[in-house]
Amino acid sequence: MNDLIAQLIGEYPLAAVSGLSTADGMPVHLPLILEPSGQPSDLSHARLIGHMARRTLTIPPEAEPIAVKVMFSGPQGYVSPEVVGDRGWIPTWNYARVWARGALNFSENLTGSGLELLVDAMEKARAKPWRISESGPRAEALKKHIIGFEITNLTFRPSFKLGQGETPAVFDKIVSDHPDRDLARWMRLHAASASSVQVLQENPA
């Protein structure tokens with residue numbers, strides 16, 4: 001399951017962060033990068049790295065660690081009986097979410113490196129990845145208005161409703177015919193992960 005958590009955060013890095021002292025008290029949407037402690041499946045000492053605008057804050061960056069909640073939203077969508085091909089079937093809503101709790105610490109040292117980490121992660125699949133250095137002095141000017149942070153002491157709670165409990169025939173029909181192909185892909189990923197866990201439980205080393 002940790003592999004799926006890491007993959008969802010990697011594919012959908014824009015998170016809603018609650019607990020920061022902002023002017024309106026609402027969650028702040030920020031792109032976050034997950035740094036596992038070792039292998040991608042080892043999240044025991046992982047951290048989330050991001051940055052935010054200084055003007056958004058109503059607390060000094062040097063304050064004590066802040067307890068925050070974070071939600072990553074993956075694919076989601078309505079599943080109609082039309083997709084299943086059975087008018088007697090009850091419609092449902094499938095989704096993939098990951099919640100996390102942790103302690104947020106601001107760090108001037110992460111302002112520059114955090115930006116580079118985010119850009120590298122977003123650009124890596126391109127034929128000619130863009131680098132911050134290409135922007136010249138504009139990036140240095142930008143850094144004066146933001147501050148980096150890390151979220152540590154993380155606990156994760158995945159919330160995946162991706163066809164569990166459906167009959168194999170219905171599951172396959174949804175995966176085959178649902179118009180949201182990303183949702184269908186995540187149904188396959190989740191099913192494969194669940195099968196792998198079951199095999200390990202049945203055949204422990």
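The following legends describe an overview and several close-up views of a predicted model of one protein chain.

**Figure 1. Overall architecture of the predicted protein chain.** The protein chain contains 6 helices and 7 strands. Read from the N terminus, these elements follow the order α-β-β-β-β-β-α-β-α-α-β-α-α. The C-alpha trace extends over about 60 × 40 × 40 Å along its principal axes. Of the 205 residues in the chain, 40% are buried. Among contacts with a separation of 6 or more, 73% join residues 24 or more positions apart.

Figure 2. The mean pLDDT of the protein chain is 90, and 93% of the residues reach 70 or more. Over residues 198–202, by contrast, pLDDT stays under 50. The model shows 0 contacts beyond four places in sequence for this segment.

Figure 3. Helix α3 comprises residues 109–123, 15 residues in total. The buried residues of the helix are Leu110, Thr111, Gly112, Gly114, Leu115, Leu118, Val119 and Glu123. An α-helix has 3.6 residues a turn, so residues three or four places apart point the same way. The buried residues of α3 pack against strands β2 (28–31), β3 (33–35), β4 (47–53), β6 (92–107) and β7 (146–161), as well as against helix α4 (137–143).

Figure 4. Leaving aside residues up to four places away in sequence, histidine 190 touches Met1, Leu4, Phe160, Leu162 and Gln164.

Figure 5. A search of the whole structure finds 9 salt bridges. One of them joins glutamate 11 to arginine 185, with the closest N and O atoms 2.8 Å apart. Glutamate 11 belongs to helix α1 (residues 2–11) and arginine 185 to helix α6, so the pair ties together parts of the chain 174 residues apart in sequence. Both partners are partly exposed: glutamate 11 has a relative accessibility of 31%, and arginine 185 has a relative accessible area of 30%. Glu11 and Arg185 also belong to a network of salt bridges that includes Asp182.

**Figure 6. Salt bridge between two loops.** The side chains of arginine 54 and glutamate 108 meet in a salt bridge, with an N to O distance of 2.8 Å. Arginine 54 lies in the loop between β4 and β5 (66–79), whereas glutamate 108 lies in the loop between β6 and α3; the pair thus links distant parts of the chain, 54 residues apart. Arginine 54 is partly exposed, at 28% relative accessibility.

Figure 7. Aspartate 120 forms a salt bridge with arginine 131, the closest N and O atoms being 3.7 Å apart. Because aspartate 120 is in helix α3 and arginine 131 is in the loop between α3 and α4, the pair ties together parts 11 residues apart in sequence. Aspartate 120 is partly exposed at 36% relative accessibility, and arginine 131 is likewise partly exposed at 38%.

**Figure 8. Backbone of asparagine 153 in strand β7.** Asparagine 153 is found in strand β7. Its phi angle is near 50 degrees, a positive value in a residue other than glycine. With a relative accessibility of 65%, over the 50% limit, asparagine 153 counts as exposed.

**Figure 9. The largest pocket and its lining.** The largest pocket holds about 310 Å³ of space. The pocket is lined by 16 residues, of which Ala6, Gly10, Ile33, Leu34 and Lys124 are the closest to its centre. Two or more lining residues come from each of α1, β3 and α3. Helix α1 provides the largest share of the lining, with 5 residues.

Note on methods: Residues numbered from 1 in each chain as written. Predicted model: local features only at pLDDT ≥ 70, side-chain atom pairs only at ≥ 80, totals over all residues. Heavy atoms only, no water. Contact = heavy atoms within 4.5 Å. Helix = DSSP H or I, 4+ residues; strand = E, 2+ residues; numbered from the N terminus. Expected span 1.5 Å × (residues − 1). Buried < 20%, exposed > 50% of the residue type's maximum accessible area, 1.4 Å probe, protein only. pLDDT = per-residue confidence, 0-100. Salt bridge = Lys/Arg side-chain N within 4 Å of Asp/Glu carboxyl O. 1 Å grid on protein atoms, 1.4 Å probe; cavity = no way out; pocket = protein on both sides within 12 Å on 5 of 7 lines; lining within 4 Å. Points joined across faces, edges and corners; volume = space filled by probe spheres on them.
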